[in-house]
Amino acid sequence: MMEYIVILQSAWMNADGYGINYGWDGEGFKTLEEAVKHGWEIRDSDDFNIAHVEGDNLVWFGWMDEQIEEPDDSMAEIADEVGLNFPRR
């Protein structure tokens with residue numbers, strides 16, 4: 001089943017370095033519009049990402065309706081942090 005999800009990013013920094021954590025609330029949506037509406041509801045801004053998933057696989061990652069061309073390593077990291085798989089391209 002193909003669906004859209006909202007992914008939230010949070011940046012962190014400490015004495016050892018910095019990075020970004022990715023999270024997902026577990027909700028999936030049939031349409032992009034529903035996912036974007038949910039993102040606005042939970043973030044109260046456009047500071048969220050949308051991902052397209054098929055089953056347990058992350059297909060694409062983006063902002064609103066724009067796909068972001070992330071390298072495979074980044075896509076695998078994002079997928080892992082939100083509990084999904086990323087089959088290498």
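1. The negative patch. Glu 33, Glu 34, Asp 65 and Glu 66 come together on the surface as a patch of negative charge. For a patch, residues need over 30% relative accessible area and no salt bridge, with like charges joined within 9 Å and nonpolar side chains (Val, Leu, Ile, Met, Phe, Trp, Tyr) within 5 Å. A salt bridge here is a side-chain nitrogen of Lys or Arg within 4 Å of a carboxyl oxygen of Asp or Glu. Lys and Arg count as positive, Asp and Glu as negative, while His and the chain ends are not counted. Each charge is placed at NZ of Lys, CZ of Arg, CG of Asp or CD of Glu. Areas are Shrake-Rupley values with a 1.4 Å probe, and for residues only the protein chains shown count as cover.

2. Ground rules. Bear in mind that this is a predicted model, where local features need pLDDT of at least 70 and side-chain atom pairs count only at pLDDT 80 or more, though totals for chains, interfaces and linings use all residues. Residues are numbered from 1 along each chain as its sequence is written, and side-chain values use heavy atoms, with hydrogens and water left out.

3. Glu 34 sits in helix α1, residues 32-43; helices (H or I, at least four residues) and strands (E, at least two) are DSSP runs numbered from the N terminus. With a relative accessible area of 39%, Glu 34 is partly exposed; the scale is buried under 20%, exposed over 50%, partly exposed in between (1.4 Å probe, protein chains only). Asp 65 belongs to the loop between β4 (57-63) and β5, and it is exposed at 57% relative accessibility. Its C-alpha is 19 Å from that of Met 1, 64 residues away in sequence.

4. The sheet. What is the order of the 5 strands in the open sheet? They run β2-β1-β3-β4-β5, with antiparallel pairing. The edges are β2 (17-24) and β5 (66-67), each pairing on one side only. Two strands are taken to pair if DSSP finds at least two bridges between them. As background, strands of a sheet pair through backbone hydrogen bonds, either parallel or antiparallel.

5. β1 with β2. This antiparallel pair has 8 bridges, and the two strands make a hairpin with 2 residues between them. Asn 14 has Gly 17 in β2 as its bridge partner, and Ser 10 is opposite Asn 21 in β2.

6. β1 with β3. Strand β1 (residues 2-14) also pairs with β3 (residues 49-54), again antiparallel, over 6 bridges.

7. How enclosed is β3 by the rest of the structure? Largely, because 5 of its 6 residues are buried. Strand β3 also pairs with β4 in the antiparallel sense over 5 bridges, including His 52 opposite Trp 60. The β3 and β4 hairpin has 2 residues between the strands, and Gly 55 in that hairpin takes a positive phi near 65 degrees.

8. Backbone angles to look at. Most residues other than glycine have a negative phi, so two entries are worth a glance. Asp 44 has a positive phi near 60 degrees; this residue lies in the loop between α1 and β3 and is exposed, at 68% relative accessible area. Met 64 also has a positive phi, near 55 degrees. Met 64 is in the loop between β4 and β5, but it is buried, with 14% relative accessibility.

9. Asp 47 is in the loop between α1 and β3 and counts as partly exposed at 48% relative accessibility. From Asp 47 to Asp 73 the C-alpha separation is 22 Å, with the two 26 residues apart along the chain.
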